[in-house]
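Good morning, and thank you for coming.

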Amino acid sequence: MMNADNSPRQPYTTYNDWYAAQDRARLIAKSKDAENIFRKTGITFAVYGHADSAEKLIPFDLIPRIISGREWRKLAQGIEQRVIALNAFLDDIYHKQEIIKAGRIPRELIERNVAFLPQMIGFRPPGGVYTHIVGTDIVRTGEDQFYVLEDNARTPSGVSYMLENRETMMQMFPELFHQNRVRPVENYPYLLRQSLASLAPPGCEGKPRVAVLTPGIYNSAYYEHSFLADMMGVELVEGSDLRVIDGKVKMRTTRGYEAIDVLYRRVDDDYLDPLTFKPESALGIPGIMDVYRAGNITIANAPGTGICDDKAIYSYMPEIVEFYTGRKPLLENVPTWRCAEPDSLKYVLENLADLVVKEVHGSGGYGMLVGPTASKKERTAFAEKLKTRPNNYIAQPTLSLSTVPILVNKGIAPRHVDLRPYVLVSDKVQIIPGGLTRVALKAGSLVVNSSQGGGTKDTWVLED
Amino acid sequence: MLGRTANGLYWMFRYIERAENSARLIDAGLRMSLTRSEATEDDWDGVLQSSGVRDIYDDTHEKLTSADAIDFLLRERSNPSSVMSCIDAGRNNARMVRTALTRETWEATNECWLDLKTLLARRVKAADLPEVIDAIKRKTGLIRGAFHGTMLRNEIFNFSRIGTFIERADNTARILDVKYYVLLPAVSQVGSSIDNVQWESILRSVSAHRSYGWVYEAEYKASNIADFLILNGRMPRSLAYCYEKISSNLGYLAREYGEAHNAHATAEETLASLRSHSIKDVMDQGLHEYIENFISHNNRLGQEISDGYRFY
């Protein structure tokens, strides 16, 4: 938030004046109010493995993270380039595999990858779009310096927090929105619905019918699923509501079975179709993959998109972007050591204290080692895991992430953050100006995941 | 609307209604034990029977004490009709159908659950009972208020109302089923103090001890009490009132969908019988038989609604 000379950075100047005039006790009281709003509304997520505290709140910090219009434009261009490359990559991987033939990516990395679905080979989804909704995780290390941490191209979550955080801020501090020209994010559900409907399958007759598929009320992101369905004005369905009848996916309504054209699924690939994937899955719809391949339903995101946001593939993203767009990537990748390669493994083992090591298929901050903050014992134990299954890991340096202020009892304190802007892909790429800022609430911590005690804040992109 | 959503709404409102009814039964039981001079374990037996959970109670308890019975009715998780079980189940159903509810209705349900979870976290002290029972009635009342004030009068509303009234009819019928003998003219010793206590307890368990006086302008009389709970179309917990509501809500669905199911015929038949009979007819037919017959028809109706509207 601050420049080196301790003056507020440009986008924060108006906010800073406002903050200086606030009574801290009042802000702390407001902070409690916000928590009550979230609790009352049931904006919760489930942490698996906590039996008695099944529903948790994500802590909300009421100091917004502010991004200038100029910085945002640069970021948005980079994200757009990357998302276009991801879709081109997926199309290529499931068709001609030019990138492998060109020797830019090793074949076994794709074909031995569990996220690669042979069922998708030779099939092109409606509009050629594989990943309709992307959440690109970004960190900022300095002025105009952004790194992409992860491309979440399967079922990125958290967008409901982006919307609720904004809603809460507007309720609590309307004056801030008079003083600052903050670009709106509220139309996300509308854009999402439009974007999904525009990619209806060839077999769709009449107005496309969209539905959200959820694993059900015990899923950690259930709140978000119901919220999005509600805001879009579409049905929230579970696998048990759906059946394949006459070559279409239909939902059981009080009037009989009705066809669905576009399914925004928040269920993993594995569970989507017990006939094709995990036979024991009770969450899926038997036969939906056949309907999909026959062009009678659009599944968003497409099955098999996981191959592009896999952490092992991540390290190839600069090559991927260049291969498909013909240009250098606008956004940087974090340098990544693939532990599968002997030289890299050696380097990682020697420098474990300075690196972050992640599981290739992991998410949610589980199963990772943050070298600088881990104890010697933890590092030794982790080194053993690395040696046993090097293919399972990648390592990255810890970046000197920029910090933003959060409200604490004594005033404000700096904390590390990341940013997940949300991107919608149809015949165009739309990037919502803002996103989810996740913040590590513990001083010095770099782990922002909500499952590991991270919080969130409203994210403002200013009109210049 | 999804069949599962209709099912969720139906059960959400059945459970909320049941939570309130359980609270009311405890209230009536408490009142009775305060009024009687001798120990009144029998009264709690009646309450557990009215709630339909006497068997489950016996599975987990060696003997019947008022403190255990109250705790069982308020908090016991193995008792599907305990207040806490019902609020849990009601709120889980509400989460499932959240997109069908207004924000106000959802929030009232969620707050009810949050507050009662705290209030019922441990055994309630005898001294705190009235306050807790009041809170249960108030919190469930807030759900009803939000629901009535904000929901569109569409199929969502209809399925919710049908759930409420099927449950309520079942509850009133059960109370009558357990206590029918005190309402039989042959057995009751008119005007005796024991009868008065019993009668008042019946009225109290449907929150009707005050309104009874307004409607019948007289002292307690068995046939009037039976009339009030069974046939009086203005008494909001009577069987007749419940069936007026069930029938009109089913009627809206039939018109909107352009299609009627078995459920419609069943509901009409029961309603016609409630409208055409006098309390004397009911007594002549046999109160006990009448009630038993009603309960089984009410259950059948629930099943037919579930089949007709593809709940599963």
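In this predicted model, the C-alpha centres of domain 1 and domain 2 of chain A are 26 Å apart. Domain 1 covers 10-332 and 400-461, while domain 2 covers 335-397; these bounds come from an automatic or database domain assignment. Ten residues of domain 1 of chain A and nine residues of domain 2 of chain A take part in the contact, where two residues are in contact if their C-beta atoms, placed from the backbone, lie within 7 Å. The side of domain 1 that touches domain 2 in chain A consists of four nonpolar, four polar and two charged residues. In these classes, Ala, Val, Leu, Ile, Met, Phe, Trp, Tyr, Cys and Pro are nonpolar, Asp, Glu, Lys and Arg are charged, and the others, Gly among them, are polar.

Let me turn to chain A as a whole. The C-alpha trace of chain A spans about 65 × 60 × 50 Å along its principal axes.

Finally, the two chains. Here 19 residues of chain A are in contact with 18 residues of chain B. On the side of chain B that touches chain A, seven residues are nonpolar, four are polar and seven are charged.

A note on conventions: residues are numbered from 1 along each chain as its sequence is written, and chains are lettered from A and ligands numbered from 1 in the order in which they are written. Local features need pLDDT of at least 70 and side-chain atom pairs count only at pLDDT 80 or more, whereas totals for chains, interfaces and linings use all residues.
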